[in-house]
Amino acid sequence: DGVVASGKVKSNNLDVKVTELELKTEEKGMEEESTRESDSNILDVSSDYPREKHISIQRHLADLEKLADLKEDEKKPCPLCPEEKFKACYSHKLHRHLQNLHWKVSVEFEGYRMCICHLPCRPVKPNLIGDQTYSKMGAHYHCIICSATITRRTDMIGHINRHVNKGETESRFITVPAPRSSYEVLKESATDVQVLPNYSTPHKTDSYFNPKMKLNRQLIFCALAVLAEERKPIECLDAFGATGIMGLQWAKHLRSSVKVTINDCNENSVTMIQENCHLNKMKVKLSTKEEDNDEALGDGEENTDTIEVTKMDANVIMHLRSFDFIHLDPFGTSVNYLDSAFRNVRNLGIVSLTSTDISSLYAKAQHVALRHYGCNIVRTEYYKELAARIVIAAVTRAAARCNKGIEVLLAVALEHFVLVVVRVLRGPSPADDSAKKIRYLIHCQWCEERIFQKEGNMVEENPYQQLPCDCHGSMPGKTAVVLGPLWSGALFNTGFIRRMLFEAVQYGLDEAQPLLKTLVCEAECTTLKHFSTHSPYDENKQEECGVYIKTPNASAESCLVHGKRKSDEVIRNAAKRQKSESSAEHPAFYYNIHRHSIKGMNMPKLNKFLNYLSEAGYRVSRTHFDPMGVRTNAPLAQFKTILMKYSTPTYTAGQAEGPVHLTEGVQVGEQVQAVADVKAEDAKFLEDVTATIFPNDYPTHCSAD
């Protein structure tokens, strides 16, 4: 009977345990459903957070001691160490052990301590000496968010920071938005965006936002605004949305003229784009690969504009749909997306791309440029323009593979990025014409003279003859290298940039206006004082900031039908207008005035030197690629001759404290005579001093009486 009774007691205990487990699982399921249905989707730290945590994760040291059930008269084992590593001991010794070996080396996160654990819960590699396996490799930490086991404390801290930056704050890898308190709201061009912590570090956050690219965003907006005046409405795509700042600016300022689609392949970025649309009171149309769901998020009462947000790979969405305006701004090079961009872009549409792989484009990593762009380059004085021509050559080849040609509207290379904006011309003939402008460049490494190779497939006996310089004849060995293939055509369209400047003035984009003015001068190859001249084709023109700029024609807008595409005749007229806007092609490349200065001579001021070149009959302008660069069609030899002619010598006289600068009125012969007189006086002074100190060793006819 005693045995039977004991058996019943055991069965009752098992039943009690089973019911307790069922109750716990039911409570856990109810708690998970309540947390998922909550608006914040963030577990409250004050309640048991996380719901299932390892025993090494505690709030206080007293909680850790409760696990050991310390009693003064009994020996207790450590709850975080195996018996092989730490044997059972009395309470005072176990207290010191928990405090020094576990609590002091813990990692803190939102009020919890992740103590180091020595239990065999982390898989370890087999060891020849089994007794020392846990002591050498068993120590680890348990992540409070994803339950991962990490050995080093510094790695654990970095692991937790990555979770926080990505907004992952729930257990079991459930990705949820970060708390509202961790968001930072930034404002740019009357558009508000909220960003995650470390928003300016692309490797540590999903939604990358770079405040230094504000100028880049303004230039792209101006290009889109010009296209919106040509035809309405236009479908535009921001293929890499991140925070959605660029697409939001398009929709907020251009409104019904554009139909904006913002795409990103990251789920966290798509969620943030929706919230930023919510913040700017925009309606959102959600669409995926399988289905299109129209969901209005936010109030949307004050603004009826709708932004379409998609979660796809950039290549997929550009293959599936057609657009009038496509902007590519990936992290690094954009060559992987060019084929998809030109596959379905509409005729006379615009493709703009921002390349941030400046280490390869600026010839710091030449092997990467060869791998990505198939281009051989070296570091030159005109490396920024070289980078722009490398990108355009890659764009041209991608467009030609789709039987499309390009017209370069804008090419900008600054410190952080290279921006290229091209217009798409559909057909095999424009594709052939564009492909013919890809040529190789011959660059002299001694004087840095450069020239594009002649067209044709015939091999020349002496390619050095194409260079204007004679360095190969006067210097030993090989003096030149072949760079490329590069784009050899124009980098700017004057009429398009003038209209971009008008849009920048109209929308108050202050940072883009000075650069656009410089680009207009560079495209026309004129100095700033001739900046107010306008072309004779400008019928409707308006003066803004001293510049005559063409304004939209009202008669052209009357030909448009609301909600429909332009007729073929209007499109042909737009193409003819774009062709007439392109003026005489500007000279290729530029010279740095400091690079070719003469040693011991003071150069003239840059603006004066531009006037001297212009008076000599050459086209000349400054360039945005280099603040001390001069774009001119003058050969390098003539460039140096004029620079030498108007430079003044710098020399140190015998009693002068600093350099003496002669005036520009002194002729070269007088300068040489003045230098000779100074040298003669110094020689006579040395003779007198030598005769005074060494009278016996000096000739008698030179000694004093």
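A residue counts as buried here when its relative accessible area is under 20%. Keep that cut-off in mind as we walk through this predicted model.

Let's start with the cysteines. Cysteine 117 has a relative accessible area of 0%, so it is buried. Cysteine 471 comes out at 10%, and it is therefore buried too. What is the closest cysteine sulfur to the sulfur of cysteine 117? It belongs to cysteine 121, and because the gap is 3.9 Å, the two are too far apart for a bond. The cut-off for a disulfide is a pair of cysteine sulfur atoms within 2.5 Å. Search the whole structure and you find zero disulfides.

Strand E12 covers residues 306–310, and four of its five residues are buried, so the rest of the structure largely encloses it.

Which strands pair with E12? One is E9, residues 258–263, which runs parallel to E12 and is joined to it by three bridges. Look for asparagine 263 here: it stands opposite threonine 310 in E12. Another is E10, residues 283–287, and this pairing is also parallel, with five bridges between E10 and E12. Within it, lysine 285 has glutamate 308 of E12 as its bridge partner.

While you're looking at these strands, one general point is handy: along a regular strand, side chains alternate between the two faces of the sheet.

Technical notes: Residues numbered from 1 in each chain as written. Predicted model: local features only at pLDDT ≥ 70, side-chain atom pairs only at ≥ 80, totals over all residues. Heavy atoms only, no water. Buried < 20%, exposed > 50% of the residue type's maximum accessible area, 1.4 Å probe, protein only. Helix = DSSP H or I, 4+ residues; strand = E, 2+ residues; numbered from the N terminus. Pairing = 2+ DSSP bridges.
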